[in-house]
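Please keep the sequence and the 3D view open while reading.

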Amino acid sequence: MPTPDSDPAILAQNLSRIYTMGETRVVGIAGIELEVTAGELVVLKGNSGSGKSTLLSLIAGLDRATAGTLYVAGYDMGSADGAELTRFRREVVGMVFQAFNLLPTLSVEENVCLPALLAGGNGRDIRKRALELLDWLDLEHRRQHVPAQLSGGEMQRTAIARALINDPAVILADEPTGNLDSRNGQIVMELLAELNRRWACTVIIATHSILADPFATRTICLKDGSIKS
Amino acid sequence: MVLGIALGAAVFTSVRLSIHASLDAFSRSMDLIAGHTDRSLIKPGGRLPETLVAELLRNPAVAGASPVLMAYVHMGGQRANPFLLIGFDPLLDRSFRNWRPAPGSPNDNKMWAELMREPFTLALGAQLAAKHRVTPGDTVILGHSRQQAPFRCVGILDAEGIGMVEGGRIGVTDIATFQEFTGNFGQVDRIDLRMAVGAGDGSDETLQAELPEGVVLARPEEERESGMQMIRAYQLNLSILSFVSLFVGMFLVYSLIALNAANRRSELAILHANGASARQLFLLFLLEGAMLGVGGWLLSVPVGSVIVRYMIQGVSETISTLFVRVHVDRLTLSGWEIALSFAVTLAISLAAAAQPAHAAMKISPKEVMAENPEIERTQSAAGRLGAMGLVAVALVFPLAAIPGPPGLPLPGYLATFLLFTGFSLLSPWCLQLMGRRLANPLRRIGGEPAFLAGRYLSTSGMRTAISVGALITASALFCALVVMIHSFRNTVELWAHQTVSGDVFVTPKMAAINQYRDPIPFDLMQAIQQLDAPADLLPYHRIYLRHRDVMFQFETVDLESFRKHGGFLWVKGEPESAAPAFNRGEGVLVSEVFANLTGLEMGNTFRTRIGEQALNLTVLGIVRDYRTRGGVVFYALAPFNAMFGNPEWGGVRLHLDRSVRDPDRALTALVSDLVALSDGRLDITSGRHLRRAILRIFDETFAVTSILLLIALAVAALGIASTLSVLVLEHRRQFNTMIAVGASRGQIRRLVFWEAMLMVTAGEGAGVLCGFVLSYLLIFVINAQSFGWTFQYRVDWGAVGLSVPLIIGAALFSALPATRLIFRIPPAVLLRER
C-alpha cells in the first residue's frame with residue numbers, strides 16, 4: 001500500500017535477502033541501505049553474485065526481503081499482499097531483462113501492449129500508445145513481426161517499449177546490454193538515458209558494462225551482497 | 001502415471017485371461033466329451049435309430065461305435081442350475097472315453113455294472129455331487145421336459161476324463177435309463193465311431209454312402225470349431241477394446257517422458273556439451289520409458305488379480321448367454337500370456353518414449369549458451385500432416401466397404417485404425433487453426449488470459465497435438481460406443497416388442513439349453529389346446545441345423561397369425577409381397593445374421609436337409625433378429641407340418657385376445673392354468689418377463705464394455721493433465737515474465753485453465769465427430785462383419801452430451817497441479833536464469 005509521503009523513489013533500510021537451501025544459507029544481499037530520489041539514473045555495478053539482480057528483484061516486487069524495509073514509490077514492499085504487488089508492477093515499475101523475455105508467440109505490437117492489456121486498459125488507447133512507442137523506438141515497421149524475426153537490438157528495444165507502456169515511474173534494467181553487441185548496447189543505454197532525461201523516469205540499471213557510466217547520476221558498487229561504494 | 005499404465009496392462013491381461021479361460025473350459029469339455037472319437041454320426045433336425053449301431057459294428061472300416069444321448073437336466077428343484085446328463089452304453093463306450101470312480105466310490109467295474117443292471121441309477125461328477133451334497137447310495141430327483149424321476153447315485157466320478165466335463169458338473173447314466181427317462185426309446189443323439197486302423201482316406205465317403213438318408217458323418221472337432229468360431233469375434237472385439245486402455249496408457253508414458261525432457265532441457269544441453277552423444281541421450285529416455293513400462297507391468301499384477309476375478313465372471317456369463325455354455329473352473333496363467341502381457345506393455349512404453357527421446361537427442365549443445373531455446377516450428381509440418389490426415393479419413397469408407405472374411409472384421413478394423421490415424425494427424429493443424437482463429441474472439445470472452453491461451457495453442461507443437469490425439473481416441477470411442485450401444489439396445493427393444501411378441505411363452509423344460517431337441521410332450525400339447533382361455537395359440541418348431549460352417553435355427557411360424565400380434569423388422573423385402581409365397585411354403589425369410597454369414601441374398605435359393613427331406617427354398621425377405629448361433633431361417637408352419645406330418649410343438653406363444661377387459665388378470669389366470677397343467681415339465685414365461693430378461697442380458701453383456709470405456713477415458717484425462725504440466729513447464733519462464741510485467745497469479749491460472757479448456761474442446765469436438773463416423777463403422781461394418789447384424793442408427797444425445805461435462809471437468813481438475821508448477825519457483829529466480 002503506498003504511503004502518502006513518497007518523496008524518495010526508493011528507500012531501503014537494512015535490506016537483506018537470504019536464500020535457504022536445506023541447511024545451507026546463501027546471502028543474496030545483506031544490510032543494504034539505499035535512498036534513490038525520483039528522476040535519478042542509478043547504475044548498480046559488481047561482479048556476478050554480488051547481489052545486483054537480487055536487489056532489482058526486490059525493487060521490482062518479484063521477490064520478498066527476508067529482513068529490513070523497502071519502499072518503492074511509496075509502496076511498502078514488505079507488507080504488500082499479492083494483489084498489491086501485482087498493481088505495483090503494473091503501475092510503478094517497468095522491467096527490461098538481459099534475455100529480453102519477449103513472448104515468442106506474440107507479435108512486437110502484442111508484446112508491447114501486453115502489460116497494459118493485462119492491467120485491463122482500453123484496447124484502442126493501448127494500441128495507440130504502443131504505436132507511439134514503436135515509432136519512437138524505430139520499430140514501427142516491425143510491429144507485426146514475432147520476436148524470432150528480430151535482431152537482438154530490436155528485441156531489447158521492444159522490451160523497452162513494453163516496459164514503458166504503462167508509463168511507470170521506475171524503470172529497472174537487469175544487464176540490458178548483456179546480449180547485445182556494443183553498437184546496439186550503446187543505443188539501448190542512450191534510450192534508457194533519454195527516458196530518464198525526457199520523462200524524468202527513475203532508472204536503475206544493473207550491469208557489468210561501462211556503457212552506462214556516462215549517463216549515471218550515481219553509481220553503486222555491490223560486493224558479496226553489500227554496498228561497497 | 002505408473003498406475004495408469006498398470007491399469008491399462010491389467011485390463012488388457014485380465015480380458016485375455018478371462019476369454020482364454022472360457023475358451024479353454026469350452027474346448028476342454030468338448031475334447032473330454034469327444035474322447036477318442038474319430039467320427040460322429042448325426043442326423044440334422046432329428047435323432048438316429050439305435051439299430052444303426054449294430055450295422056456300423058459290422059462295417060470293417062469301423063473299429064468301435066458308441067451311441068450317445070445328452071441333455072441338460074436339473075436336480076433338486078426347478079430353480080437349480082441345469083447340468084449335463086450323458087447316456088451311453090458303458091461297455092461299448094469303454095474304449096471311447098476315460099472315466100473312473102473317485103476314491104471312496106465303489107470300484108470301477110461294480111459301478112458301471114450297477115449302472116447297466118439297475119434302472120434309474122447314475123454317477124455324478126465330483127463338483128456336482130459336492131454342490132448338492134450327494135454321496136453314493138443317495139437318491140436325487142432329476143427333472144426333464146418329459147418327466148421328473150428319482151435316480152440313485154451309484155458313484156462319484158474322479159476328476160479326470162468325463163468327470164471333468166463342464167468342470168465336474170456332470171452326470172452319466174446307462175443309455176437305456178436315459179431313453180426311458182427322456183422318452184426317446186430306440187433313438188440316440190449321435191453315434192461316436194472309432195475307425196479301424198488302416199481305414200483309408202476314402203473310408204469316409206464309403207461309409208457315408210452306406211448310411212441311411214439324412215444321416216451325416218461329422219468330425220468331432222467340427223462342433224468345437226463351430227463354438228470357437230462363434231466366440232472368436234467376441235474375443236477379438238473385447239481384446240481390441242481392452243487394448244485401447246493400454247494404447248491410451250501409451251500417451252501417458254509419452255507425456256511423462258516429454259515432461260521430463262522439457263524439465264531437463266538445459267541439463268540435457270549441458271550433458272550434450274560435455275560429451276554425451278545423441279545416441280546416449282536417446283537411450284537415456286528410452287530406458288526411462290522402459291522402466292515406466294516395467295514398473296507399470298509389475299503394478300498391473302496385483303491390480304489385474306483383482307480385475308480378473310470380476311472380469312472372468314462377466315466374460316464367461318456373456319459367452320454362456322450368447323454363444324456356448326461354459327463353466328470356468330480354473331484360470332490358467334500360461335507363460336505365453338505373461339510374456340505377451342509384459343512384451344506388449346514394454347513395447348508400447350518404448351514406442352511412446354521414442355518420440356520424446358528422439359526430441360531430446362536433437363537438443364543442441366549450443367543451448368547451454370543460448371538465452372531463448374528455439375521455438376518448435378510446426379506450421380509447415382501441421383499442414384503436411386493435416387493433408388495426410390484428410391487422405392486417411394477419405395479412405396475410411398472405401399476400405400470399410402471391402403468385404404472381409406466372416407467373423408473377422410479386418411476391413412472394419414483397418415478402417416477404424418485409418419480413422420483414428422486421420423484424426424490424430426489432423427489434430428496439429430486443427431489446433432493451429434483454432435488458436436489462430438479463436439484467439440481474438442476469446443479475448444472478448446475471457447480477456448488476455450484466454451487470448452494468450454489461444455496463441456499458445458496455435459504454437460504449442462506436436463506434443464500437445466499427440467495428447468489431444470489421445471483424447472480424440474478416448475472420446476471418439478466413448479461417443480461411438482454410446483451411440484452403438486444405444487442403437488443396439490433401441491433396436492433390440494423394438495425387436496423384442498415386435499418380433500418376440502406374445503403374452504405367454506411356453507416351451508419344454510430347458511428347451512433352449514437342449515436346443516429344442518424335445519418337443520412339448522403330446523399330453524401337455526393337448527391340454528394347452530383344450531384350455532378355456534381367451535388367447536390365440538401360435539405354435540412353432542425350432543430346429544438347430546448347420547449351413548456349411550454356420551449353425552442356425554430353423555423356425556416355423558404361422559405368418560398370418562404372427563402378423564396379427566407382432567411382426568418382423570424388415571431389412572430387405574416387403575411383408576405384403578413376401579407373404580403369399582411364404583404361406584405356400586415356397587420360400588423362407590432369413591435373419592440378417594444368417595444372410596450376412598452365408599452370403600445369401602433376396603431371391604437366392606436356400607438349401608438344407610431336415611431328416612430325410614431336402615429343402616430348396618427361395619429367400620423372400622431378410623429380417624432383423626438378435627438371437628445368436630448363426631441366425632434364423634423362418635419357414636411357414638402349415639407346409640412344414642404337411643411335409644413332415646409333425647403335429648408336435650417345439651413351443652407355443654399365447655396372445656391374449658384384445659377384447660379381454662382386464663388383461664393383467666386374464667394373464668395371471670392363464671399362467672396359473674398353464675402352471676397347473678405343466679407338471680413341472682414346461683417353462684412358462686410371461687412375454688413381459690421374457691422381454692425384460694432379453695434387455696437385462698443385453699445390459700449385462702455391455703457392462704464389461706462400459707467399464708473398459710471408463711478406464712480408457714480416465715487414462716486419457718490423466719494424459720491431458722500431464723500434457724498441461726509439460727506445457728506449463730515449457731512456458732514457465734514466459735508466465736513469470738508476464739508476472740513481472742503485471743499479470744496477476746489469477747490471470748496466469750486462468751490462462752492455464754483456458755489452455756486446458758481449448759485442448760479439451762479440440763479433443764472432445766474432434767473426438768465426437770470421429771466418434772460419429774466410428775459409430776457408423778461399428779454398427780454397419782464391424783458388427784455386420786463380426787456377428788452379422790446391424791441396428792437402426794439412434795443417437796443418445798443425453799449420454800453423448802454427458803461426456804462433455806465429464807471430460808471438461810476432468811481436464812479442468814487436471815489443470816490444478818499444472819498451475820501449482822508455475823508458482824513453485826519464485827519469478828525472480830526463474831527470470832535470472834540465463
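In which helix of chain B do B:Phe640 and B:Phe644 both lie, and how many residues apart are they? Both belong to helix α19 (residues 637–644) of chain B, and they are 4 residues apart, about one turn of the helix. The model is predicted. B:Phe640 counts as buried because its relative accessibility is 2%, under the 20% limit. B:Phe644, at 26% relative accessibility, counts as partly exposed.

Over all chains, the structure holds 31 aromatic pairs. One of them joins B:Tyr456 and B:Phe735, whose ring centres are 6.0 Å apart. Their planes meet at 85 degrees, so the pair is edge-to-face; the cut-off for that class is over 60 degrees. This pair links distant parts of the chain: B:Tyr456 is in helix α13 (residues 410–458) of chain B and B:Phe735 in helix α22 (residues 703–740) of chain B, 279 residues apart. B:Tyr456 is buried, with a relative accessible area of 1%, and B:Phe735 is buried as well, with a value of 0%.

Chain B also contains an aromatic cluster. Its members are B:Phe488, B:Trp495, B:Tyr626, B:Phe698, B:Phe787, B:Trp789 and B:Phe791.

Charged side chains also meet rings. In chain B, the charged end of B:Arg443 sits over the ring of B:Phe451, 3.7 Å from the ring centre. In chain A, A:Arg198 has its charged end over the ring of A:Trp199, at 5.0 Å from the centre of that ring.

Key. Residues are numbered from 1 along each chain as its sequence is written. Chains are lettered from A and ligands numbered from 1 in the order in which they are written. This is a predicted model: local features need pLDDT of at least 70, side-chain atom pairs count only at pLDDT 80 or more; totals for chains, interfaces and linings use all residues. Side-chain values use heavy atoms; hydrogens and water are left out. Rings of Phe, Tyr and Trp (its six-membered ring) pair if their centres lie within 6.5 Å; planes under 30 degrees apart count as stacked, over 60 as edge-to-face and the rest as tilted. Helices (H or I, at least four residues) and strands (E, at least two) are DSSP runs, numbered from the N terminus. Buried means under 20% relative accessible area, exposed over 50%, partly exposed in between (1.4 Å probe, protein chains only). A charge sits over a ring if NZ of Lys or CZ of Arg is within 6 Å of the ring centre and within 35 degrees of the ring normal.
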